[in-house]
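Take a look at the structure, then work through each task before you read its solution.

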Amino acid sequence: MPRSEALNLDYIDEESIIDGKPFVATLLYGPNRPALLLEQIDSLLTSIDCTNAGISLGFSSRDHAEQARDAWNMPEIIVITSHKGCNNDGRRVPYLVSEISFDMGRNLAMLSAKGVSWAKASNTLEVDFSYRESHHGLDLESYSPSASLIAKRQTTQDLSFSILNTNIFAINDMLSPTTTLSFTQKCVACVGTGTVTLAAGNITLISGVESILDSLINPTVSDLASSADISIVFNNFTAEFEFETSIQLTQSFSFHILGEDGIGIPGFSIPGLFTIGPNFNPVIVAMIQLFQPVSFTYGFNFSVPDGSGFQIDMVNLANSQSMGFDSTAFTALPFTLLNFTPGVNVSIAFRPVIALGVNVLDIDLDPVTVFADIPKYVVGLVPLANVDDNCLPLAVNGTGNGEHVRLSSDFVLDLGVGAMAQITDTIAFMPSIPLLTTTLFPMSTCIGPFGAGTANTTIATAPSTNMTKI
C-alpha cells in the first residue's frame with residue numbers, strides 16, 4: 001500500500017569492504033504524496049512494463065490485484081521503479097501517478113504516470129553513508145572526479161609516490177655578464193605511502209528544496225542543505241622528504257606531487273540526487289629568501305596516526321574538526337651546508353589538499369577545501385662576523401676567528417578549511433577557518449667558527465619526537 005512516511009532506500013557496494021562491512025549509502029526519502037516502492041511488491045507481480053503512456057503491472061493472482069485496487073484508491077501517488085524498461089538498470093526513479101485503472105480479467109493495473117525529479121516528488125531528502133551492514137539494496141554507482149563514473153568502486157585511494165634525484169623547480173637567468181639569478185630545488189628522496197578513504201557522512205536537504213531551485217544562482221551547499229557532514233580518514237600515511245637547494249635569488253614555488261589535478265578519492269553517485277567526489281592533491285610549497293649564495297640539504301619525515309582525518313561541516317565550516325594530526329610522529333633530517341657563505345631563510349611544507357566536490361539534484365556546488373601542512377619546516381641561517389662561539393660580539397682583545405652562523409629552526413603544524421580556496425605557492429596560506437595551528441620545538445643555536453678549507457657542516461635541527469604540544 002502507498003505510504004506517506006519516509007522510505008529508507010539502500011545502495012550497496014559489496015566490493016568495498018572495511019572490517020567486514022560494505023559501503024552503504026541510504027537515501028531517506030520523505031514523499032510529498034503517498035509513495036509505493038515497487039521493489040517491495042516484486043513477489044506479487046509477474047510483469048512490469050513502462051511505456052510513454054504509463055506503467056502496466058501484472059499481478060500473480062486476482063486476490064493481489066483486488067488488494068491493490070482497494071489500497072490504491074487515492075487521487076495521486078508516487079511510484080518508485082528500479083526495473084528494466086522503466087529506467088536504467090540499478091537506478092531508482094520516481095513517477096507521478098495521476099490515474100489508476102484495473103483489468104481484473106487479466107489481473108492488470110494500468111497507471112497513468114510520468115517521470116518526475118526527486119525534488120518535485122519529495123518533502124525531504126537525506127543521504128547517509130558509511131561502512132555498515134545492509135541486507136537489501138541496489139548496486140551503488142562509483143564516482144571519481146578524475147575519472148567520472150568508474151566501473152568498480154575502490155575501498156580506498158592509494159597515496160603512494162616516489163620522486164628520486166629530480167629537480168622539481170629550476171631557474172637560471174643571466175641578467176647581465178656579471179649577474180645571474182639561479183635557483184634549483186631537488187627532491188633527493190621524496191617518497192610516501194598511505195591510503196585515504198571517504199569514510200562516512202550525511203547530507204540533509206532543506207524541506208521543500210524544489211520550491212527554491214529556480215531562484216538560486218550558483219548555489220552553495222548551505223543554500224540547499226540544512227546539514228552536511230563528511231568524514232575523510234587517512235591510514236598508514238607516512239612520508240619522507242629530503243631536499244637539496246642551490247640558490248642565488250629569492251623565490252617561492254609549488255610542486256604538485258601527483259600532477260596539477262591530483263587524484264580522485266573514490267566517491268559515489270545516486271543519479272539525480274547526490275554525487276560526492278573528493279579530490280586529493282598533495283603539494284610541496286616553499287618560500288626561500290636569499291642573503292648570500294648558498295647550497296644546502298635538509299628535510300623531514302613523518303607518520304600520521306591511523307584514523308587521522310577531517311570531519312567537515314560543509315554548511316558551517318567553523319564546526320569542522322581535524323582528528324589525530326596533532327599526534328603525528330616526525331623526525332627532522334640533518335641540515336647540511338654545502339658552502340660557507342650562508343644567509344638564507346627557508347620555509348617549506350608538505351601540504352595535502354582535499355577538495356570536496358558535491359553535486360546535489362544535478363547541480364554542481366562549489367567545493368569545500370581542506371589542507372594540512374604536516375609540517376611546515378622553517379630554517380634561518382644568518383652569517384655573523386666578529387662573534388664568539390655563542391654568537392655574542394667579541395670583546396676587545398677577544399679570541400677566535402669570529403666567523404659563525406646563527407641557525408634558527410621550527411616546525412609548524414597548520415590545518416585549515418575554506419570554501420573556494422586556491423592552492424598557492426605562498427607558504428603563509430591562510431584558510432577561511434583554521435582547524436589547528438601549532439608551533440613546535442623552536443630552536444636557535446650558534447654554529448662555527450668557520451675558516452678556510454672547512455668541510456661541509458651538518459646540523460641536527462630537531463630531535464625525533466611527535467607533534468603533540470604540551
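**Exercise 1. Is Val 353 buried or exposed, and where does Val 353 lie?**

Step 1: Val 353 has a relative accessible area of 5%, so Val 353 is buried. Buried means under 20% relative accessible area, exposed over 50%, and partly exposed in between, with a 1.4 Å probe and protein chains only.

Step 2: Val 353 belongs to strand 25. Helices (H or I, at least four residues) and strands (E, at least two) are DSSP runs, numbered from the N terminus.

Step 3: Now find Asp 373, which is 20 residues from Val 353 in sequence and 9.1 Å from Val 353 in space, C-alpha to C-alpha.

Before going on, two notes on how to read the model. Residues are numbered from 1 along each chain as its sequence is written, and side-chain values use heavy atoms, with hydrogens and water left out. This is a predicted model, where local features need pLDDT of at least 70, side-chain atom pairs count only at pLDDT 80 or more, and totals for chains, interfaces and linings use all residues.

**Exercise 2. How many bridges join strand 25 to strand 26, and how many join strand 26 to strand 27?**

Step 1: Strand 25 (residues 344-360) and strand 26 (residues 363-384) run antiparallel and are joined by 13 bridges. Two strands pair if DSSP finds at least two bridges between them. In this pairing, Val 346 stands opposite Val 379.

Step 2: Strand 26 is also joined to strand 27 (residues 404-419), again antiparallel, by 15 bridges. Here Asp 373 has Asp 414 of strand 27 as its bridge partner.

Step 3: As background, strands of a sheet pair through backbone hydrogen bonds, either parallel or antiparallel.

**Exercise 3. Which residues have a positive phi, and where is there a cis peptide bond?**

Step 1: Start from the general rule: most residues other than glycine have a negative phi, and most peptide bonds are trans.

Step 2: Look at the hairpin of strand 25 and strand 26, with two residues between the strands: Leu 361 takes a positive phi near 55°. Asp 362, in the loop between these strands, has a positive phi near 65°. With a relative accessible area of 60%, Asp 362 is exposed.

Step 3: Move to the loop between strand 1 (7-18) and strand 2, where Asp 19 lies. Asp 19 is not a glycine, yet its phi is positive, about 55°. Asp 19 is exposed as well, because its relative accessible area is 74%.

Step 4: The cis peptide bond joins Ile 374 and Pro 375, with omega about -10°. Pro 375 is found in strand 26.

**Exercise 4. Which aromatic pairs does Phe 23 form, and why do they tie together parts that are apart in sequence?**

Step 1: The whole structure holds 24 aromatic pairs. Rings of Phe, Tyr and Trp (its six-membered ring) pair if their centres lie within 6.5 Å; planes under 30 degrees apart count as stacked, over 60 as edge-to-face and the rest as tilted.

Step 2: Phe 23 and Tyr 131 make an edge-to-face pair, 5.1 Å centre to centre with 75° between the planes. Because Phe 23 lies in strand 2 (residues 21-31) and Tyr 131 in strand 9 (residues 122-131), this pair ties together parts that are 108 residues apart in sequence.

Step 3: Phe 23 and Phe 268 form a tilted pair, 5.7 Å centre to centre with 50° between the planes. Phe 268 lies in strand 19 (residues 267-270), so the pair with Phe 23 in strand 2 links parts that are 245 residues apart in sequence.
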